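We'll walk through it piece by piece.

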Amino acid sequence: MRIELTVNGERQEADVWAGESLLFALRERLGLPGSKNACEQGECGSCSVLLDGRLVCSCLVLAAQADGHEVVTVEGLAGDGELHPVQDAFVRAGAVQCGFCTPGLVVAAADLLQRSPQPSDDEIREALSGNLCRCTGYQKILDAVSLAASGADA
Amino acid sequence: MDVLTPRSLDEALRLKTEHPDAVPIAGGTDLMVALNFDRERPGVILNLGEVPELRGWSRDDGLLRIGAGLTYAEAMAEPLRSLLPALAEASRTVGSPQIRNRGTLGGNLGTASPAGDSLPPLLVEDAEVEVASLGGSRRIALHEFLVGPKQNALAPEELIVAVLVRPSGAPQTFMKVGPRNAMVIAVCSLAVAVDRERGELRAAFGSAGPVPLLVIAPLAEADGFPALVASAASPIDDVRGTAAYRRHALRVLAVRGLERCLAA
């Protein structure tokens, strides 16, 4: 079946299998491998994207359900060669080890800061509670989100 | 496999009559796991994401009518949070922000898991489930809707349309036992309300029997209530905990819940 959706501001069409996830469609049909495929059951958050502005696990959205809707992936956060402030803060805080969880965490953190520009530590922890980092680099990830929220320059 | 996407409730009900085996999908937090892991291959998936009648909630003369498509995130937002505080607390324990943005009350009712987090708070508030088919709609008391583990009273041609509840205003709370705050399927859970108007202590547990169950006692019997709750449970040993632990935990949760609600 054919779906039509807006991805990172661009109108896209994709031929998808009825039972496939939005994650599969993004990675395999639309050439956007930034969203990572790990647990496929909503536990790890590596596939986090914004669907109509809401943070979701794209592995738990049926691709057909995204028909007519708007998706922003990690590839859509940076603009014009400039890193998104959250991406920049992840680099500066050393919040990346193997990097597999990073796209999901960046999307979740960007979503948090858009809703709550000055989050408390508890708010940050709760906002990132659906994203797992197997390298257990959590402290630097929390530091990076605080850094991004502080707006401090490099 | 085919996906059908109705744009109205009438169309959804017509499609469900034409395809009684169609599996509804709303937030996808249960069904997508089954699809991703090849556990289910339904012939037809009925996408309820574009049915406006299932969204939002309304209030008529004190009766709340909550659309089946209400997400946990929406249940956590004011003014619903103040109207149904235990449901809001329970919703906050569901999965993660990502899951709460997608998962719905209707999905929790459809899956009818003994661990469904929204079910104990809704039982405590005497919620009813509104289901509909082309032939009309009917209301089923929640305790009659939940007929077994992952089994509900829905007929093949019916869809879950709404939850009906008249908020008691009673002090109430929800507690859940699990290894961490996020992404936990309840080892056991308990919703408690102290309803002075009705003169009742009310509690409903999850993950401690084949279905979430409501336990009621007179207001004056608070001392014996935790033991009553624990004895009403019929837990099993499984990967998440033992029956003995669950019974013990329910007793502890009932003590804490009563403390909170009696102080309020």
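Two residues are in contact here if their C-beta atoms, placed from the backbone, lie within 7 Å. Helices (H or I, at least four residues) and strands (E, at least two) are DSSP runs, numbered from the N terminus. This is a predicted model, so local features need pLDDT of at least 70 and side-chain atom pairs count only at pLDDT 80 or more, while totals for chains, interfaces and linings use all residues. Residues are numbered from 1 along each chain as its sequence is written, and chains are lettered from A and ligands numbered from 1 in the order in which they are written.

Let's begin with a helix in chain B. Helix α11, residues 243–263 of chain B, has 21 residues. From first C-alpha to last it reaches 30 Å, close to the 30 Å expected at 1.5 Å a residue; the expected span is 1.5 Å times one less than the number of residues. Its buried residues include R246(B), R247(B), L250(B), L253(B) and C261(B). (Buried means that 20 or more other C-beta atoms lie within 10 Å of a residue's own, exposed means 12 or fewer, and partly exposed is in between; C-beta atoms are placed from the backbone.) What do the buried residues of α11(B) pack against? They meet β11 (172–177), β12 (188–195), β13 (200–206) and α10 (225–232) of chain B.

Now for the strands. Two strands pair if DSSP finds at least two bridges between them. In chain B, three strands make an open sheet in the order β1-β3-β2, with parallel pairing. The edges are β1 (2–4) and β2 (23–25) of chain B, each of which pairs on one side only. β1(B) and β3(B), residues 44–47, pair over three bridges, and L4(B) has L46(B) as its bridge partner.

Across the boundary, 12 residues of domain 1 of chain A are in contact with 11 residues of domain 2 of chain A. Strand β3 (residues 48–51) of chain A gives the most to the domain 1 side, with three residues.

How many residues do the chains bring together? There are 23 residues of chain A in contact with 25 residues of chain B. On the chain A side, strand β4 (residues 54–57) of chain A gives the most, with four residues.

Most residues other than glycine have a negative phi, and most peptide bonds are trans. E40(A) has a phi near 55 degrees, a positive value in a residue other than glycine, and sits in the loop between α1 (22–29) and β3 of chain A. E40(A) is buried, with 20 other C-beta atoms within 10 Å. S207(B) also has a positive phi, about 55 degrees, although it is not a glycine. S207(B) counts as buried because it has 29 C-beta neighbours inside 10 Å. A cis peptide bond, with omega about 0 degrees, joins E78(B) and P79(B).
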